[in-house]
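Reader: I have not looked at this structure before. Please take me through it by question and answer.

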Amino acid sequence: MKASLERALQQAVEQLLADHEVSTPAIVLTRPKHKDHGDYACNVAMPLAGRLGRKPRQIAEDILAAVCWPEAVNKTKIAGPGFINIYLRAASEAEVLRRIVQQKSAYGCQTSEKAQRICLEFVSANPTGPMHVGHGRGAVLGDSLANLLATQGHEVTREYYINDAGVQIGVLANSVWLRMRELCGELISFPDAGYPGEYIIDIARQLLKHQSMAQWQAMDEDARLQRIGELSVEANMTAIREDLARLGIHFDVFTSEKSLHESGQVQQLVQQLEAEDLVYRGCLPPPKGKEVKDYQPQEQPLFRTTDFGDDVDRPILKQDGTATYFAADIAYHYDKVQRGFDRMIDIWGADHGGYVTRVQAAVKALTGLEAQPDVLLVQMVNLTRGGRPVRMSKRAGTFVTLEEVVREVGADAVRFNFMTRRAESQFDFDLEEAKLQSDENPVYYAQYAHARVCAVLRKAKEEGVQQLAAEDCDLSCLRSDAEQALISRLLAWPEVLQKAAERLEPYRVANYVMQLATAFHAFYHQCRIIQDDEALTQARLLMAEAVAQVLKNALTILGVQAPEKM
RNA sequence: GCGCGGUUAGCUCAGUUGGAUAGAGCGUCGGCCUCCGAAGCCGAAGGCCACAGGUUCGAAUCCUGUACCGCGCACCA
């Protein structure tokens, strides 16, 4: 519909400009906020006014005189400074109800010829402890985004990168080992550098069941720490998977950083970079802004990321000759490219913001500018309890885990609340308040709308109303403001979905859900659905069915239940 | 110092890439269930869209600068 209106205007404008040396501006239709301004509005007369040196309202008149509208247009009006407002025939808009009921969960979805294979990497929380709320936000965002992209025909792989290599795993193993000895009666002083959390003791206990202390002590020290590290990572990953499952999130692929080292992919990558002269030996300048006392100029192999947009070149090998995290991460992204993905999307915490350019630069360099990951940074969740900040540092060991939060406020409420905010805005989340207001939570507003529609549909069935087939309903009787507003919301769904997917912004879906719920609640109060007028009852039941369907479609993308009763 | 993100109602946040009278949830105040689900609806109060310039028919939105908040800035991940 929108496209055909745009075409009609396009032709009229081109005709009008045939005699002028003026390029045709892009015709963009918008949905006005106010019902009085029509179903669609076009502003094309205004930019033309400047170029043609005439008044915008006059130009709009000329356009309207020349335009050849499709059947569905009821009337048009020139308004304000020169808007062309387009009013459609009510019946033609209401046709959407039939489409929704026929297409069901496919309404709003597209099968684009531009469909891509997308690798969406998210969460990737370090396997050194439980997930906290910030991870949860990234998890919810990623899962909803994956659902969203799938509606546009893309094939999405959900992927988790396990950072199971490097010094933090050594620290983890060490911490667990100390706790194991402590559990066996040894008096130890726990180092500041260790992980102090309770969960470490749980893992220690688990490992002592796995094998006796005597057996652990009999092992060679390196082998023991390595084994403890492996088992600890495994334990943490199990906990992380459970946390994710509690939110209804599942991954298709887990890629282990360690495996990239063991398979030789990292080493191979380093060699490749050297062969392509993307690496040279050099010294990093001292860091800016932060006082570093023990700075020593040190010669290292540096990746020429500055040639691809980075601020400084980045080391790929440490002083001891082992690969940096950066090197492994490049190898990982390169691996994604080789697996044949058309697009890579990474969701990271804001604390990794400084890391974006260098990874993008590296992948660009490796693929001859062919590919680079899109990185979404999700800002911190500022967790408070009764107005007091709650520390979330893993090192402090006093953080509130994602599990606790999900248990307190429920998976649906967590998911929905996280999705009502844009990723780039910080999010203040107060636990006391979330608990206190759990009955007044926005998520219930949306879910209640769905349960309510379902209740009406049930009621109709109970009262023996025979629902007509969608094709046989007379939709011309849906004329009230509330009905029109609701239809226009339903009609907007595919546009919302497409835009949300294009911009990688699933919060738009949550936003839409609220709008649709509002429109439905208003309609419900203003219009009685089941009533004496047979035709009107049929039309409104069809509308109710359509609302239920679209609410469900939208909530499903957000990973939130659409209950039939509550 | 530099980079990224933010600043909109008492609180938490939207604002359809520059449009018409800036919205929602929570909170406050006042109405609405003999009637399909009141977890709802209707109404009211509440705004210098951080500040100052600029761009143009038109700015919360774009550009420049300033202020404040968050995150990051070698040899960790």
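The questions below go from the whole chain to single residues.

Reader: How many helices and strands does chain A have?
Author: This is a predicted model. Its C-alpha atoms fill a box of roughly 85 × 65 × 40 Å along the principal axes, and 38% of the 566 residues of chain A count as buried. The secondary structure of chain A comes to 20 helices and 15 strands.

Reader: Which strands stand at the edges of the open sheet of five strands?
Author: The sheet has the order β7-β6-β5-β11-β12, with parallel pairing. An edge strand has a single partner, so one side of it is left without a neighbour in the sheet. That applies to β7 (253-256) and β12 (374-378).

Reader: In β12, what is the bridge partner of isoleucine 347?
Author: Strand β11 covers residues 343-349 and runs parallel to β12, joined to it by five bridges. For isoleucine 347, the partner in β12 is leucine 376.

Reader: What angle does the direction of helix α5 make with that of β11?
Author: Helix α5 (residues 133-151) packs on the sheet. It touches β5 (117-121), β6 (155-162), β11 and β12. The angle between the direction of α5 and that of β11 is about 155°.

Reader: Are helices α6 and α7 roughly parallel or roughly perpendicular?
Author: Helix α6 (residues 167-183) and helix α7 (residues 198-210) pack with their axes 8 Å apart and at an angle of about 70°. Angles of 65 to 115 degrees fall in one class. That makes α6 and α7 roughly perpendicular.

Reader: By class, which residues make up the contact of α6 with α7?
Author: From α6 come Ser175, Val176, Arg179, Met180 and Leu183. From α7 come Ile200, Ile201, Ile203, Ala204, Arg205, Leu207 and Leu208. By class, this gives two charged residues, one polar and nine nonpolar.

Reader: Is valine 123 buried or exposed?
Author: Valine 123 lies in the loop between β5 and α5, and has a positive phi of about 65° although it is not a glycine. A residue counts as buried with 20 or more other C-beta atoms within 10 Å. Valine 123 has 26 such neighbours, so it counts as buried.

Reader: And is aspartate 277 buried or exposed?
Author: Aspartate 277 is in the loop between α11 (265-275) and β8 (279-283). Its phi is positive, about 60°, although it is not a glycine. With 8 C-beta neighbours inside 10 Å, aspartate 277 counts as exposed.

Terms used. Residues are numbered from 1 along each chain as its sequence is written. Chains are lettered from A and ligands numbered from 1 in the order in which they are written. This is a predicted model: local features need pLDDT of at least 70, side-chain atom pairs count only at pLDDT 80 or more; totals for chains, interfaces and linings use all residues. Axes are lines fitted to C-alpha atoms, for helices over the stretch in contact, and angles run from 0 to 180 degrees between N-to-C directions. Helices (H or I, at least four residues) and strands (E, at least two) are DSSP runs, numbered from the N terminus. Angles under 35 degrees count as roughly parallel, over 145 as roughly antiparallel, 65 to 115 as roughly perpendicular and the rest as oblique. Two residues are in contact if their C-beta atoms, placed from the backbone, lie within 7 Å. Ala, Val, Leu, Ile, Met, Phe, Trp, Tyr, Cys and Pro count as nonpolar, Asp, Glu, Lys and Arg as charged, and the others, Gly among them, as polar. Two strands pair if DSSP finds at least two bridges between them. A residue is buried if 20 or more other C-beta atoms lie within 10 Å of its own, exposed if 12 or fewer, and partly exposed in between; C-beta atoms are placed from the backbone.
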